[in-house]
Amino acid sequence: MAELKHDKKSDRILFTKEMRRDYKILAPNMLPVHFKLFEKVLQRAGYDVEVLTNDGHQVVEEGLKHVHNDTCYPALLVIGQMIDALNSGKYDVNKTALMITQTGGGCRASNYIHLLRKALKSAGYANVPVISVNMSGLESNPGFSLTPSLIMQVVAGLVYGDLLMLLNNQVKAYELNKGESEALVDSWAERLLEQFSHGKGLLGDDFRNNLKRIADEFDAIPVKRVPKVKVGIVGEIYVKYSPLANNKLEEFLASQDCEVMVPGLMGFVLFKIDNRLDDIMLYGGSTIKYKFVSFLKDFCTKMESAMLDALREHPNFVVPSPYAHLRSLVNGVIGYGSKMGEGWLLTAEMLELCESGYENIVCAQPFGCLPNHINGKGMIGRIRKVCPNANITPIDYDPSATKVNQENRIKLMLAVARENLDERIAAQATKNAKAGDIEVDIISDNQGARNADNVIEVEIETSEDKPENQSAGVE
Amino acid sequence: MRIGIDVGSTTIKYVVMDDLGNIIHKSYERHLSQITEKTLDVLKTVRELTGTRQALLSISGSAGMGISEACSIPLVQEVFASRIALKNLLPDTDVAIELGGEDAKILFVTGGMEFRMNGSCAGGTGAFIDQMATLLNITPSEMNEEAKKAERRYTIASRCGVFAKTDIQPLLNQGARTSDISSSIFYAVVNQTIAGLAQGRPIEGNVVYLGGPLTFFSELRSAFDDTLKLKGKCPENSLYYVAIGAALGADTEINLDKAIDTLSRMKVVGNYNSIEPLFKSQAEYDEFTARHSAHTIERVDPKTYKGDAFFGVDAGSTTIKMVVITREGRILLDSYNSNKGNPVPNVKSFLEDLYRNYPDIKIIGATSTGYGEELIKNAFSLDSGIVETTAHLTAARRFMPDVEFVIDIGGQDIKCFKIGSKGEIDSIFLNEACSSGCGSFLQTFAEALNQPIDKFAMLGLFADKPVDLGSRCTVFMNSSVKQAQKDGASIENISAGLSISVVKNALYKVIRASSPDDLGKKIVVQGGTFLNDAVLRAFEQEMGVEVVRPAIAGLMGAYGAALYASRHSNGSSKILNAEQLANFFHNVKDSRCGLCSNNCRLTVNIFDNNRKFISGNRCDRPVTRRKADDSLNIYDFKLKMLKEYQPVSGPRGKIGIPMGLNMFELLPFWHTLFTKLGFEVVTSPLSNRKMYLLGQATIPSDTVCFPAKLMHGHVQTLINDGIDVIFYPCMSYNFDEKMGDNHYNCPVVAYYPEVIHANMPDIAKVKFINDYLGIHRPKDFPKKFQQVMSKYFDIIPLEEVKAACDAAYAEYDNYLRRVRECGDDIISRAREKGMQIIVLSGRPYHIDPEINHGIDKLVAGCNAAIISEDVVSNRVEKFSVKVLNQWTYHSRLYAAAKYVLTQPDMNLVQLVSFGCGIDAITTDEVRSILESGGKIYTQIKIDEITNLGAVKIRLRSLFAAIEDNCVNSGEQTG
């Protein structure tokens, strides 16, 4: 074990430079593909990171034991997963550190790291250092630093992750040979990891070419496009993405013959960056900070565009809206100051899903999630006013919420969705018949730009008495 | 031919329809969780009745999903099925309300189709009504009859079954009339349905009532009619809508013989999360029973005994326990009974028996404890009453003098306490209303599965694969059990799983223990629930320790009370003698205390000889008729101070401010700011129940905290009063008091204006100013404020705004200073009188009497002075805590706790609103700060309704412990 050094102010154990050399760092998993890529990026930067994949019952048990049971479910799972890993005997606990993100926002999530430390103490691992990954200047460690270059590489990994997830979802539901799309995800993950380990694929042309090739290869998978119920998943970020938390929601929806759309992680990153700008605009603040944050935002926006550009070349794919458009969608619906947790972005994602034909939505949240009272459940009525077709079901997740209950509610949402879909097909059929077509062809092949049919016109009320506070605040 | 089968959570229904859509067969019965068997029965019956082999068949219902998968019969989701039926049978329906065994649904059919089901935290449904009827000891249909005779209505929590139960129990114990409670229960169901499911959509037009409860209970329908102000219709076949929908929605021909065959060969797979069995062998069990049978109390034959004896009564929430002991603590007589809603007759007949059959036993000391402590004490003129915790500790010491931890699981409560090195109680844990996985919980399940409770528990002892049911509240458990059944768990494994879940609930939810070291090595377990060997074994297994379970585990409260009586006896007892008992008379009347704004509902118990006992009161005023001494209660002072901010008419018009959440602290700021600018600031009045109900239909999230829910009523009140500008800004940040790492508001406080804006239809009628404002940056604020205001009014010159802002900041400081001065004054006067000082901590809005339910008065009634956390939070230097200290209000809690450590005569009681996610973090931290300095942590969870009985126990336990500690430390130093 390395020498333990404590932070003077908070007394926490620091992750030292010495530890960086021979400690294994365990990190929680939220999105399997993304996190695998992050793992590689961090390894290349000299951190022996391992993203945890242990799941199952034991994880929940450990969480329940060591975390206040009224705390949000993600905290319970993430901490449970870590303790379960330490218990497993697979790691030398004297040479293991843990890593967790901290957003510094006003919701409970920023407290996970403290809950983790408490849990470690009660589980007998008080000497295991915990590294906070944050960009709010919350906690720092001599042995870990988020350098600009590291940040850029992580962002690149994130874009790949988003693209693979997006394409996989759009192809998987229609592929002729089951499993082909998943296999392509795996193969690309392998290829990217290989490239990363040679310092390639993270920047410039390398990066763009990869994106393009990924899109090309997914488009080449043979598919049969039949009208299917299209479901979007939004919610608290961990529950939205993590199969461990949402009882394999994507898998369940696939088994119900749906196409699934899960908005990517980049939106959330841009949202969190943008919050700082909004804060300055709404309440005043430093222009230097404003400029620095703007730079970061521009960088991420460029990365996002690179991905969207790659997609735009393929009419078969639904291209998600850029962050800027998401932002514009909530204008007049909810204020940009609403930034805790997923904040207004959650509302925006629901509106965007409706706009792009995924008006059937599961809004997944941990039981008792505070920001979701506001931005999720609190906004559903409002979203339905803007977009009457929205068919949203909020689902609570927690250690003892049962699958039966959750699936029953999702099935209700799907029953409505199917009825809507049938009506749309029938309407389309009448239209076609009127236009003189004898055969009603509801099956279109690869050529059809299938989003065209499904797009619902969404008009956003712009309330005139609430113009955006754009110009204000920044001198 | 079409067949629809609806397998709900408690019943199975089917219809057979001919090709013209006429129903030719139908049936409705309870399935007692025998889902596979009953479905098979249905299929066989239908096959026989119709003689057809092929039919269009589909299945529906929450318990139908498993069956559907197993034998490939198509599933029609149940709400969707109702909709299909409505479309066909009642096409002019606007809204349908359907209550089932465990689900509640509202279908908005016209004006934007929308279907809603209750979330996972809601149980005001058929099962809930059954549970309540059991509690009242009548059948559900008798309950309906009773409700017709109701004269008044009590407020019963409309969140979930468990809450309601804890509201009803004290009513029963206070002697409220069954008819009134029955009616109140139906109204609670209505409120729950509306609060949970309407979410801002008005229920109007042609309303249809469907499902079992609404079909069977006329009073439930009229409660809905009354609340919704309309006349709903309960159509023919209202029980069968789901089944009809399933039949109509069936699009696949099913071969019945084949389905019957598949179903009858369906193998139960047992594919669920399981845990270690309780006992692997009979030998293990024998060893276990032998070990536990050692802890007994000697008995003396009452027939031969002559002489002094002591009487102890424990009037619990569902049971009543009595013992008579000798001076040596030997048991002469004991009794353990269900109190059937009224403990008085039980005690009466016990005493009658005693006097008649054992004339030689002379009671010279009598003590009561438990929920009904005061009622029993007054009714039978006992010598003393003690708080339950004291009673239990007294009894536990009898078995283990150096006991370190006592855990008592009773019918409704879990009470645990840790005993410190000096023999003082140093932490008390009581279950919250939302985690009452206790004895009555096991009983409810036993009944649901049609098993007597003792037999049901025994079933689990040798279960091979107990189901892992987690550790949440009863409502969750219902669906977990349903899931387990679906997954093929046997009743034995479910029984074992339930026993284990009771233990886990106590350990992880109530005590928050993570290892045996947290509890100590010397543990006494007691309470009726531990008489259940499965629960006892689960406890030992989970904690890995061997514990002592007294053979009289269920009588420990009464035994402790009797021991107390024997120690404090002066040689004779005031207890009613045989003659007085013969003239005993008990009648109950209700009234309302009008002496203060709490308007307590009083239950007046009248006994013979004009003896009277009033319950339901928070303070002594209705009893003594003296005005309570408010002067040492800062909660009162704060409310009075807020009243000083009266409207001053001004040239710029009226601005309404809803008085909820952070406004309780920021009113001085906003009032000054707007008044200076020439606005007349009108506030909504102090909250009350009616105001809450006014806004409840527009609440979108039923699990948000009650203070937030109240905001809907405040805003609605302002709108109804004709205010056309309402100011309720969003505020991510609060003032920076420099005590933490940041100075946020919690997400709900910060952004609730968005929810109001998005969900209250009438908000469109007014100018609603809910912009984002940052008072934490005084330099930037005036300009930003000016910009915001310019969106709604003619531009106000910046100089004017600046001057008003300066005044506002000054007034806020002034307000805080006055609060602190008042606090100082209370502290010094309390010290002069030698009173205990309680720092009643929470958030600023906890001074709202509708939110705190007069708990401040209860504390004052214990002869303590009350200050709030903000009085002392500035008295410590910034220090680091073990959590991210980033919310202004919460930082004050940590600081106050830290300060309390330095003050021997101060203790902290934390008020926590149910559903407050952030308090999951603060409570643990406040507790650990307090315990680090040897102080007792007391938490009181409050919600829409609060069971003041439980709060009283908590407070009295605290005061008893403080007293003990004083005595002990006095002994030590002296």
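Student: Two residues are in contact if their C-beta atoms, placed from the backbone, lie within 7 Å. So which strands does helix α35 of chain B lie across?
Tutor: Helix α35 (residues 919-932) of chain B lies across β28 and β29 of chain B, at about 170 degrees to β28(B). Axes are lines fitted to C-alpha atoms, for helices over the stretch in contact, and angles run from 0 to 180 degrees between N-to-C directions. Helices (H or I, at least four residues) and strands (E, at least two) are DSSP runs numbered from the N terminus.

Student: What kind of model is it?
Tutor: It's predicted: local features need pLDDT of at least 70, side-chain atom pairs count only at pLDDT 80 or more, and totals for chains, interfaces and linings use all residues. Residues count from 1 along each chain as its sequence is written, while chains are lettered from A and ligands numbered from 1 in written order.

Student: What's the strand order in that sheet?
Tutor: It's an open, four-stranded sheet in chain B, ordered β27-β26-β28-β29 with parallel pairing; pairing takes at least two DSSP bridges. β27 and β29 (938-942) are the edge strands, each pairing on one side only. On average, neighbouring strands are turned by 30 degrees against each other, direction ignored.

Student: How many bridges link β26(B) to β28(B)?
Tutor: Five, in the parallel sense, with β28 covering residues 906-913. Four bridges join β26(B) to β27 (residues 864-867).

Student: And what stands opposite B:V839 in β27(B)?
Tutor: B:I867, and in β28(B) B:V839 stands opposite B:L908. B:I837 faces B:M906 in β28(B).

Student: Why is β26(B) largely enclosed?
Tutor: Five of its six residues (836-841) are buried, so the rest of the structure largely encloses it. Buried means 20 or more other C-beta atoms, placed from the backbone, within 10 Å of a residue's own.

Conventions: Buried ≥ 20, exposed ≤ 12 C-beta atoms within 10 Å, placed from the backbone.
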